[in-house]
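Student: Please take a close look at the charged side chains in this model and at what they pair with. I would like the cut-offs stated along the way.

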Amino acid sequence: MTAEEAAATFDAQRGYLTAVAYRMLGTLADAEDAVQETYLRFARADLGAIREPRGWLTTVIGRICLDHLSSARVRREQYVGPWLPEPLVGSDAGLGMAPLTPEDRVTLDESVSMAMLVVLESLSPPERTAFVLHDVFSLSYEEVAATVRRSEAACRQLISRARSRVRERAPRFTVDARQQNEVVEAFLNACADGGVDTLVNVLAPDVVLRSDGGGLVSGVARRPVTGAENVARLLLGVAAKHPAFPWTQRVNGATGLVFEGSDGIAGVMAFTVDGGRITEIDFVVNPEKLSRVPLPSRGEHDPGADEERRACGE
């Protein structure tokens, strides 16, 4: 394999590798760093000895992410307030990776949802690595064992524990894009109405709101807020103090909101919907996690939206 062929081979896998790394690490910046490190190792390797480039690259990036997770875990324990992933705004939750079937697309979108990534944060680094590689990207136990440097039996136990924890903590949700769109629109209308009771009707009784300001934004709740009335009052209060224009956008694979303030992007909100109501809201306002979010053009705005409408802001 020539240097040019190696570069072309790697570029063909770049979207896939970024998709793997983002689900493991939760930020695009860290995922891209992991992909770059993988490329450097690939370039230094004996390319003639690599029979299956995709498998080799997956093992390498899995190990890089595993090492990163171990150090990141300590930093995130010291994080101010809830830590949320860097939001992925746009239509391609697969990060450039073409799924094999429509079922693969559903799996990829579910695994990249903000709420699911929060659940994955509760796993140990080996559990998360094994779970993502096996249950999301369908690697064999043998391949996962090679990545985490454990026996196949140990990997089976890792994945079983991870599955149990994900099953226990994963939010309930409805895989229905139309319902998601309708509920987000109802949420916007309720916020514009300004009445607590109106907004409560859109929220599940046990709804959870997580806000990530990273200690850089004043007035952000540093603990999750639970309960429909508590969440409604908080959101309406913040909206009154910090008005921002809401754009309906695809956020981590599902309909969400991007908020435009006077200085640019003020926040990104992701929703988990079940039974026609919002069960979880993940609100990222940490400016360090918003730097990659594009400002929507006026042509992207939902034509049915009112230009004067204002929703829950930063």
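Tutor: R292 has a relative accessibility of 40% and therefore counts as partly exposed, a class that lies between buried (under 20% relative accessible area) and exposed (over 50%), computed with a 1.4 Å probe on protein chains only. The model is predicted, so local features need pLDDT of at least 70 and side-chain atom pairs count only at pLDDT 80 or more, while totals for chains, interfaces and linings use all residues. Residues are numbered from 1 along each chain as its sequence is written, and side-chain values use heavy atoms, with hydrogens and water left out.

R292 forms a salt bridge with E32, with 2.9 Å between the closest N and O atoms; the term requires a side-chain nitrogen of Lys or Arg within 4 Å of a carboxyl oxygen of Asp or Glu. This pair links distant parts of the chain, 260 residues apart: E32 sits in helix α2 (residues 28–44) and R292 in the segment after β6. Helices (H or I, at least four residues) and strands (E, at least two) are DSSP runs, numbered from the N terminus. E32 is also partly exposed, because its relative accessibility is 37%.

The whole structure holds 12 salt bridges. Another of them joins E127 and R165, again with closest N and O atoms 2.9 Å apart. Here E127 belongs to helix α6 (residues 125–136) and R165 to helix α8 (residues 152–169), so the bridge links distant parts of the chain, 38 residues apart. E127 has a relative accessible area of 2% and is therefore buried, whereas R165, at 31%, is partly exposed.

E229 is partly exposed, at 43%. Bridges with shared partners also join E32, E86 and R292 into one network.

K289 lies in the segment after β6 (277–284) and counts as buried because its relative accessibility is 8%. Its side chain makes a polar contact with the side chain of D212 at 2.6 Å. That term means a pair of N or O atoms within 3.5 Å; within protein, one must be able to donate a hydrogen and the other to accept it, and residues adjacent in sequence count only if both atoms are side-chain atoms. A polar atom of the K289 side chain also lies 2.4 Å from the backbone oxygen of L84.
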